[in-house]
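Colleague: I have a new structure on screen. Please take me through it, in plain words.

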Amino acid sequence: MKYFLSLALLLSLRLAATDFELGQGISNKRDVLWEATAEDLAAIFGNRLKPLDSNKNILRCRPDSGDRLLFFGLPLDEITARLEKDKLKQLTLRINNRGDSGTVSENNFQTMARDVGSKISPMLGGASPASQIAQPMANREKMLAAVWKTGQLDLVLRWRSSIKRSEYLALDFYPPGESPTSLQLEQPN
């Protein structure tokens, strides 16, 4: 039964042969998201899914030529899944990586971050962020994060930019109550 629910979640993510829309799929199936296994992920993403460690506990999916990974219509640079005891433990959607997305102006990047943030509360049934963090850095750089907590998941939206360039914009999904208590806003991996 759990396998079926996990597979149903992941099949709902697939929009078309070349589009994977994760926003609506996560929104509709967030109550069974944490039952997903590596086998479930492989059934959806196929050969796009690559292990990043020898134990296959960290998996990455990047778009192939012609494929698009989407979050409510916004293209994703990559998806990273962290597994623990063959169950999904963390899902990271990278909407913007400087090295993959190219140069994005500060104004366009801030607009993108606001657009992503505006899609999260409705996706989570109207939940507001539980906390927001801003961390100024040298050279007019800044790192920011917003954290949502629901009964089905915790979600961290984090981004880093400077007046010169955008660095990254990412969404981290965790099981309920398992988002980091001391948020470290790290560089993209």
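**Rings, strands and confidence**

Colleague: Let me start with F71. Buried or exposed?

Modeller: F71 counts as buried, because its relative accessibility is 0%. Keep in mind that this is a predicted model.

Colleague: How many aromatic pairs does the structure hold?

Modeller: The structure holds one aromatic pair. It is made by F71 and F72, whose ring centres are 5.0 Å apart; the planes stand at 80°, so the pair is edge-to-face.

Colleague: Stepping back, how many helices and strands are there?

Modeller: There are five helices and 11 strands in the protein. The protein has 189 residues, and 49% of them count as buried. Its accessible surface is about 9,300 Å², with 50% of that belonging to carbon and sulfur atoms.

Colleague: Now the strands. Why is strand 11 said to be largely enclosed?

Modeller: Strand 11 covers residues 166-174, and nine of its nine residues are buried, so the rest of the structure largely encloses it.

Colleague: Which way does strand 7 run relative to strand 11?

Modeller: Strand 7, residues 87-97, runs antiparallel to strand 11, and six bridges join the two. In that pairing N96 is opposite L169 of strand 11.

Colleague: How many bridges are there between strand 10 and strand 11?

Modeller: Eight, and these two strands also run antiparallel; strand 10 is residues 154-161. V156 has D172 in strand 11 as its bridge partner.

Colleague: What joins strand 9 to strand 10?

Modeller: A hairpin joins them, through four residues. Strand 9 and strand 10 are antiparallel, with eight bridges between them. One of the facing pairs is A145 with R158 in strand 10.

Colleague: How many residues of strand 9 are buried?

Modeller: Six of the eight, over residues 142-149, so strand 9 too is largely enclosed by the rest of the structure.

Colleague: Back to N96. Where does it sit, and how exposed or buried is it?

Modeller: N96 is in strand 7. At 1% relative accessibility, N96 counts as buried.

Colleague: Change of topic: helix 5. How many residues has it, and how far does it reach?

Modeller: Helix 5 runs over residues 106-123, which is 18 residues. From its first C-alpha to its last it reaches 26 Å, close to the 26 Å expected at 1.5 Å a residue.

Colleague: Which residues of helix 5 are buried?

Modeller: The list includes F109, M112, A113, V116, G117 and I120.

Colleague: What follows helix 5?

Modeller: G125 does, and its phi is positive, near 75°.

Colleague: Which other residues have a positive phi?

Modeller: Among them are K56, with phi near 60°, and D86, at about 60°. Most residues other than glycine have a negative phi.

Colleague: Where are K56 and D86 found?

Modeller: K56 lies in the loop between strand 2 and strand 3. D86 lies in the loop between strand 6 and strand 7. D86 counts as partly exposed because its relative accessibility is 42%.

Colleague: Last topic, confidence. What is the mean pLDDT?

Modeller: The mean is 77, and 76% of the residues reach 70 or more.

Colleague: Where is confidence lowest, and where highest?

Modeller: Helix 1, residues 2-13, is lowest with a mean of 48, while strand 6, residues 78-84, is highest at 92. Residues 3-17 have pLDDT below 50, and in the model this stretch has 33 contacts beyond near neighbours in sequence. Residues 185-189 also stay under 50, with 17 contacts beyond four places in sequence. Where pLDDT is low, predicted coordinates should not be read in detail.

How values were computed: Residues numbered from 1 in each chain as written. Predicted model: local features only at pLDDT ≥ 70, side-chain atom pairs only at ≥ 80, totals over all residues. Heavy atoms only, no water. Expected span 1.5 Å × (residues − 1). Buried < 20%, exposed > 50% of the residue type's maximum accessible area, 1.4 Å probe, protein only. Areas by Shrake-Rupley, 256 points an atom, 1.4 Å probe, with all protein chains shown as cover. Phe/Tyr/Trp six-rings, centres within 6.5 Å; stacked < 30°, edge-to-face > 60°. Pairing = 2+ DSSP bridges. pLDDT = per-residue confidence, 0-100. Contact = heavy atoms within 4.5 Å.
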